[in-house]
Amino acid sequence: MEIDEGIIVGTCCSMCPESEMRAREATGRLHFLERLPTAKTKGRPRVSPDHAVKEFSRPAAGKEAVRASDLRPADVLRKTVRYLLSSVVSRTDLPWSEVYGFVFDRLRSVRQDMVIQRIHGDDAIFILEMNVRFLVYSGYRLCSESADVFDAHINGTHLQECLKRLIVLYTSSDSRNLREAEFFAVYLVVNLGSAESLSLGVQTKHIYGSDPVFKIALELCLAWSNQNYVRTFRLIQRLPTLHLWAINRHLHSIRCFTLQVMNSAFASKNLSYPLSSLTLLLLHDSDSETEELCRSSGLNVDDNGNVWFSRTKFLPSKQSPRRCKWIDRRFHEDDLPQLIEGQLSDRDVGSLLPS
C-alpha cells in the first residue's frame, strides 16, 4: 500500500477489482451489462473483465479497511467514467431505466473512490462534470416514470452534491476551467427560485458575465425572482440543451404560477383568452396539453378554444413533470454520449438566439 501523508493511492488498473469480479461471479451478482454473452460456470453467468465495473459499497461498522488494490487511481476513474457515459448510456437492448440504475450506481462508486483517495484538481473536476451531465439528463429523460422506476428526489440530491463539490473545486483552483461558466449556469438553473443560488450568480457575474450561457441563466433567475413570467419563458427558449434538461424540473411550477397570475389579471365573465396563445406562452407542445393544465386547475375551456379564467374556481394543478417534444427536438439520441461528454456544447451555444 502506497501512502502519502495518510492518503491511500489506489493500485487497481481495471474498472473493477479482480476480487470483486470473482466474488460477484461466484454469488450470481453480475449485472446483465457485465456478463459474457454465453459463457457460464456451474450454471452462473461468467464475468466479462472488459465490462465489469466496481459497484458502490456503503461504508459500515466492522468492515475491513479499504485496500489500495481495491481502489482505482485517477486515470482509471477517468477511463471508467468515459466507458459508462459513452458505451453504456447509449445501450438500447434493455430499458433505459435499467441502464440508468447501473450507471448511477457505478458513478457513485467512482465518486467514492475519488473521495477516499482525496483526488482533486482537474481529475476531480472532469469526473464531477460528467456526473452532473448524466444526472441532469437522467432527471429529464425519466421524469415521467413512476417512483418505483425512478426516484427523482435521490437523483436530485446527488446532482446537488456534485454541483456543490464542483463549485468548491472551481473556486479553490488557481486557474480557470474552460467549463466553469457552463456549470455555474447549470447550478443557477437547477436551483431556480433559490435566493442563495441567485446571490452566488450575482457575486460571480464579474467573472462569468461575458459567457452567453451564464448570462442567460442569471437573467432567467432574475426574471423569475421578479415574477416576470413572460421574460422567463423567453429566456428558457434560449438555453442550450443541457440547461433545458435542467430547467424542465421547474417548468410545471412556472406554468402554474403564470396561470395563477393571469387568472388574477384576466378573470372576468366577459373576457376570455385564446388557448393557442396560451400554449405558445407556456411552451406546451400542443393545445391539448394546455387545456389539460387549465382543466386540472379548475378553469373552463370552451368549444371555440377560449380559456375562461375564474378567481373562485382556480386551484393550482398537481401534474407531474413530463418531457417536452420541443426539447427533445433539440438533440438526437445518437448524440447523447457526445452531449454528456460536452463535445456538442459549442454547437448549442452557437444556436442561442440574440438578446
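The legends below accompany an overview and several close-up views of one predicted model.

In this predicted model, local features need pLDDT of at least 70 and side-chain atom pairs count only at pLDDT 80 or more, while totals for chains, interfaces and linings use all residues. Residues are numbered from 1 along each chain as its sequence is written, and side-chain values use heavy atoms, with hydrogens and water left out.

**Figure 1. The whole chain, to get your bearings.**
The chain carries 16 helices and seven strands; helices (H or I, at least four residues) and strands (E, at least two) are DSSP runs, numbered from the N terminus. Its C-alpha trace spans about 80 × 50 × 40 Å along the principal axes. Of the 355 residues, 49% count as buried, where buried means under 20% relative accessible area, exposed over 50% and partly exposed in between (1.4 Å probe, protein chains only). Contacts are heavy atoms within 4.5 Å, and among those in the chain with a separation of 6 or more, 69% come from residues 24 or more positions apart. The 45 positive and 43 negative charges have mean positions 4 Å apart. Here Lys and Arg count as positive and Asp and Glu as negative, with His and the chain ends not counted, and each charge is placed at NZ of Lys, CZ of Arg, CG of Asp or CD of Glu.

**Figure 2. Helix α3 and the residue that follows.**
Helix α3 covers residues 96–116, and its 21 residues should span 30 Å at 1.5 Å a residue; the end C-alpha atoms are 30 Å apart, which agrees. The expected span is 1.5 Å times one less than the number of residues in the helix. Because 15 of the 21 residues of α3 are buried, the helix is largely enclosed by the rest of the structure. After α3 comes R118, with a positive phi near 55°.

**Figure 3. D113 and its contacts.**
Look within helix α3 for D113, which is buried at a relative accessible area of 0%. Which residues does D113 contact, leaving aside its neighbours within four places in sequence? They are K54, D70, L71, R72 and L77. For a further landmark, take A65: its C-alpha atom is separated by 13 Å from that of D113, and the two residues are 48 residues apart along the chain.

**Figure 4. Helix α4.**
Helix α4 takes in residues 121–141, 21 residues in total, and reaches 30 Å from its first C-alpha to its last, close to the 30 Å expected at 1.5 Å a residue. The helix is mostly covered, with 17 of its 21 residues buried.

**Figure 5. The loop residue Q227.**
Q227 belongs to the loop between α9 (212–225) and α10 (229–236). Is Q227 buried or exposed? At 53% relative accessibility, this residue counts as exposed. Its phi is near 60°, a positive value in a residue other than glycine. For context, most residues other than glycine have a negative phi.

**Figure 6. S264 in helix α11.**
Helix α11 runs over residues 241–266 and includes S264. S264 is partly exposed, with a relative accessible area of 44%. Between the C-alpha atoms of S264 and L315 there are 12 Å, and these residues are 51 residues apart along the chain.

T279 sits in helix α12 (residues 275–282) and is buried, with a relative accessible area of 6%. Not counting residues up to four places away in sequence, T279 touches H284, S286, D287 and T290. L283 lies in the loop between α12 and α13 (287–296). L283 has a positive phi near 60° and is a residue other than glycine; at 8% relative accessibility, L283 counts as buried.

C256 is in no disulfide, and the nearest cysteine sulfur, that of C294, is 10 Å away. Seen from C294, the closest cysteine sulfur is in C256, too far for a bond. C256 counts as buried at 10% relative accessibility, and C294 counts as buried at 0%.

Definitions and conventions
A disulfide is a pair of cysteine sulfur atoms within 2.5 Å.
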